[in-house]
Amino acid sequence: MKRIAELLLGLMAVAAVTYWLFGERLMPSEGAVAAEETGAGAAPGGGRPGGGRPGGNRAATVTMQSVELSPYVLEYQAVGTIESTARVAVVAEASGQVEELLVAPGDRVTADAPLLRLEQRTQKLDLNSAKASLAEAENALERVERLSATGSVAVTSVQVQEAQTATDLAQVAVDRAELALDRRIIRSPIDGVVGLIDARLGDYLNANAQITTVSVPEQLKVGFSLPERAVAVLEPGLSVDVLLPARIGQVFKAQITAIDTEIDPVTRLIDVEAQLQGDVTGLRHGMIANVVLVEEQEAMPAIPALSIAWSREGASVFVAEQGTVRRVPVTIRHRLDDRVWVDGTLAEGDQIVVEGVQKLREGGQVQTLQLAQAETKKRRAPRPSVQEPSVNE
């Protein structure tokens with residue numbers, strides 16, 4: 001048994017090598033198969049050259065369909081975040097103890113309106129000291145200017161200039177003291193609505209500590225990211241649909257206002273912003289949103305996916321004209337289920353082969369299934385019998 005097994009393995013190896021070396025010569029070529037299917041090599045009279053079974057120029061039986069011109073829709077979906085278009089974080093410009101709260105969360109304020117006040121005693125004292133120094137400098141300047149005007153030799157032009165400089169420096173000190181005092185009052189940077197205040201009376205705030213936010217709830221946008229293939233359709237003014245899990249059943253419209261100039265090299269996404277349109281009452285900054293971008297493209301040939309034939313040259317379809325087919329190269333632009341939109345020299349109404357493309361070649365003959373069934377039925381129909389003459393006749 002072991003010897004028989006070794007013999008069988010040897011025969012199989014020899015057969016594999018023989019097929020690898022001479023398989024193409026042993027197997028019939030595609031041209032021969034095509035000739036047999038279409039009858040290209042049939043000899044006149046219904047037989048094949050050199051004798052053999054008759055067959056005639058047989059046409060391949062296929063299913064055909066007309067080309068339609070139809071637009072297709074590109075749809076992109078993304079998860080975004082609702083953001084306030086005008087929203088500013090209010091921070092303390094100086095450190096100090098909260099002495100007075102002037103607004104409450106939800107209050108509508110105007111730009112530069114005071115929100116809270118820090119303790120100011122030190123700053124007021126500094127301002128009073130600076131003002132006193134300024135008054136003294138101004139009096140000294142006035143004296144030297146009066147003496148200089150009378151021609152007194154006791155006052156020189158240099159002394160007048162020094163008095164003027166001292167006065168200017170004193171004025172700067174006053175301005176600084178006033179600015180330091182003004183910074184003890186935290187003001188609203190814009191018109192809007194005050195958010196929650198992270199401070200209470202008596203709290204000590206450090207400089208640059210965030211206190212609250214002021215935003216405009218009527219001006220909202222949605223920020224989201226799309227794959228880089230969407231760059232071809234993105235442009236300012238394009239409309240998108242915004243759906244919120246918190247507002248089921250409602251669809252908000254938004255208009256693209258900003259598109260990033262770069263694509264993230266890690267995620268391959270591009271950031272986009274869109275301004276919400278219409279009534280946005282009840283929406284809040286930070287809400288999650290589902291964004292849908294739908295873009296309808298120009299009408300182009302739409303054909304069944306089954307009609308696509310693949311070869312080394314790429315995708316193509318077979319167009320039937322007067323019983324013969326020609327190959328037309330195409331480029332697939334979009335696919336939806338079993339339908340594809342293609343670029344190619346196809347016109348509306350062209351008859352293309354949908355089923356049976358695997359057995360076709362350039363210039364091959366085709367017929368529809370209905371025609372083939374009609375011819376078969378015609379051949380199988382009983383012929384009328386010819387009555388032989390009787391002996392008496």
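**Exercise 1.** Find how many bridges join strand β14 to β15, and in which direction the two strands run.

*Solution.* Step 1: locate the strands, which are DSSP runs of E with at least two residues, numbered from the N terminus. Strand β14 covers residues 251-259, and β15 covers residues 269-276. Step 2: count the bridges. Five join β14 to β15, and the strands run antiparallel. Two strands pair if DSSP finds at least two bridges between them. Step 3: pick out a facing pair. Q255 stands opposite Q275 in β15.

This is a predicted model, in which local features need pLDDT of at least 70 and side-chain atom pairs count only at pLDDT 80 or more, while totals for chains, interfaces and linings use all residues. Residues are numbered from 1 along each chain as its sequence is written, and side-chain values use heavy atoms, with hydrogens and water left out.

**Exercise 2.** Work out which strands form the closed barrel.

*Solution.* Step 1: take the other neighbour of β15. Strand β12 (residues 220-227) is joined to β15 by seven bridges, and this pair runs antiparallel. Within this pair, P227 has L269 as its bridge partner. Step 2: go on from β14. Strand β13 (residues 239-243) is joined to β14 by five bridges, again antiparallel, and D241 is the bridge partner of K253 in β14. The closed barrel has six strands, β3-β12-β15-β14-β13-β16, with antiparallel pairing. On average, neighbouring strands of this sheet are turned by 40 degrees against each other, direction ignored.

**Exercise 3.** Sort the side chains of β15 by the face to which they point.

*Solution.* Step 1: use the cut-off for buried, under 20% relative accessible area (1.4 Å probe, protein chains only). Step 2: list the buried face. I270, V272, A274 and L276 point there. Step 3: list the other face.

**Exercise 4.** Decide whether S215 and L7 are buried or exposed.

*Solution.* Step 1: S215 lies in strand β11 (residues 210-215). The relative accessible area of S215 is 18%, so S215 is buried. Step 2: list the contacts of S215, meaning heavy atoms within 4.5 Å. Leaving out residues up to four places away in sequence, S215 touches S84, A86, R87, G192 and V193. Step 3: L7 lies in helix α1 (residues 2-26), a helix being a DSSP run of H or I with at least four residues. The relative accessible area of L7 is 57%, so L7 is exposed, the cut-off being over 50%.

Terms used: Axes are lines fitted to C-alpha atoms, for helices over the stretch in contact, and angles run from 0 to 180 degrees between N-to-C directions.
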